[in-house]
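Here is a short briefing on one protein structure. Look at the charged pairs and at the nonpolar residues packed inside.

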Amino acid sequence: MEGDCGMSGTLDRSGLCAEQNGGPRLSARSAVVLRLRGPRFEEWVPVFAKNPEMRLAPMSITKVLTAAAAVSVAECFDLPLDYAVTVAETDAAGGSGNNLVAGDVLTLDALLADMMVVSSNVAARVIARAMGEFLPGGPRKQSPRLRFLAEMNRTAAAFAMRDSAFLNSPGFKAEGQYSTAMDLSLLMSAASRDPVIARWWGVAGSNISVEGPRARSIRLVNTNRMLVAGDPNILGGKTGTFPGQYNLALCSRLPDGDRAITVLLGAPDDRARYGDARALLDWVQAGQV
């Protein structure tokens, strides 16, 4: 971000190795597990990796970065979480969580909930436009969404995500939009320490209020099946889905008080995605690392 606000500096990637031996066999094309330690879980140790630097589409895991950039912009411009935003016609999008229409008025907090819990693509586009309106346009006077996308990529760089590029806020599959399990594990590590993000990615269900011409309450149910099932060790996370590529990112609690970040990319189907996640979580929980 231009000026005095926004993400600054970079996180250290030292200690992240290319491959780790041992652990369960997975159907996912790529995976990383980090153990988080320290008073604020700011230290990480890689404990499992399979093709950690393979470039793949992050899909809706992108929304974790969208949330992180949005929270940063809101803090920079002293915007409260109850800041009201009106959905515009240009925010329309198909796909997951299609529950908002033009004229709906929601708080920033409700938009973050809609995006993180049910993976609303519309909410992700609303957030990008609304937060981008506060950012400087630069010499070419870019649109608010493009300004916000630039902020997303700056945020990714600040998280030491060295092999990622983001071209849209919902995570739509697009040529040139990619990340790696290694980079996304660093995103998840940073996001897990943000109380706003952690609050919404860790709820199984919630209600949000919509004002405007079609005032109503919307029930949200998390797309993360492990969270909905009530696994007490799952603190939160994000799914990402496209036919033939099923992604999952999780933050979980370990028996010794540490945390684990698990990122799986490119599982062939939904059953394989959760089967891989269960195998990795059980392996880490059993103290294999």
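R35, R37, D256 and D258 are joined in a network of salt bridges. The model shown is predicted. Across the whole structure, a search finds 14 salt bridges.

- R55 pairs with D163 in a salt bridge, and their closest N and O atoms are 2.7 Å apart.
- D163 has a relative accessible area of 17%, so it counts as buried, because the cut-off for buried is under 20%.
- D109 forms a salt bridge with R199, with the closest N and O atoms 2.9 Å apart.
- Here, too, distant parts of the chain are linked: D109 belongs to helix α2 (residues 108–117) and R199 to helix α6 (residues 195–201), 90 residues apart.
- Is D109 buried or exposed? At 16% relative accessibility, D109 is buried.

**A salt bridge inside one helix**

- E151 and R154 form a salt bridge, and the closest N and O atoms lie 3.2 Å apart.
- Both residues are in helix α4, 3 residues apart, so about one helical turn separates them.
- E151 is buried, with a relative accessible area of 0%.
- R154 is partly exposed, because its relative accessibility is 35%.

**The nonpolar cores**

- How many residues does the largest nonpolar core have? It has 71 residues.
- L100, L112, M131 and F148 have the most contacts inside this core.
- Which helix gives the most residues to this core? Helix α1 (residues 62–76) does, with 9 residues.
- Take L112 as an example: leaving aside neighbours within four places in sequence, L112 is in contact with A67, A70, V71, L81, I127, V196 and W200.
- Another core lies apart from the largest one and has 23 residues.
- V47, F48, L280 and L281 are among the residues of that other core.

**To find in the structure**

- Start with the network of R35, R37, D256 and D258.
- Then find D109 in helix α2 and R199 in helix α6.
- Finish at L112, and look for W200 among its contacts.

Methods:
Residues are numbered from 1 along each chain as its sequence is written. This is a predicted model: local features need pLDDT of at least 70, side-chain atom pairs count only at pLDDT 80 or more; totals for chains, interfaces and linings use all residues. Side-chain values use heavy atoms; hydrogens and water are left out. A nonpolar core is a set of buried Ala, Val, Leu, Ile, Met, Phe, Trp, Tyr and Cys residues joined through side-chain atoms within 4.5 Å. Buried means under 20% relative accessible area, exposed over 50%, partly exposed in between (1.4 Å probe, protein chains only). Helices (H or I, at least four residues) and strands (E, at least two) are DSSP runs, numbered from the N terminus. Contact means heavy atoms within 4.5 Å. A salt bridge is a side-chain nitrogen of Lys or Arg within 4 Å of a carboxyl oxygen of Asp or Glu.
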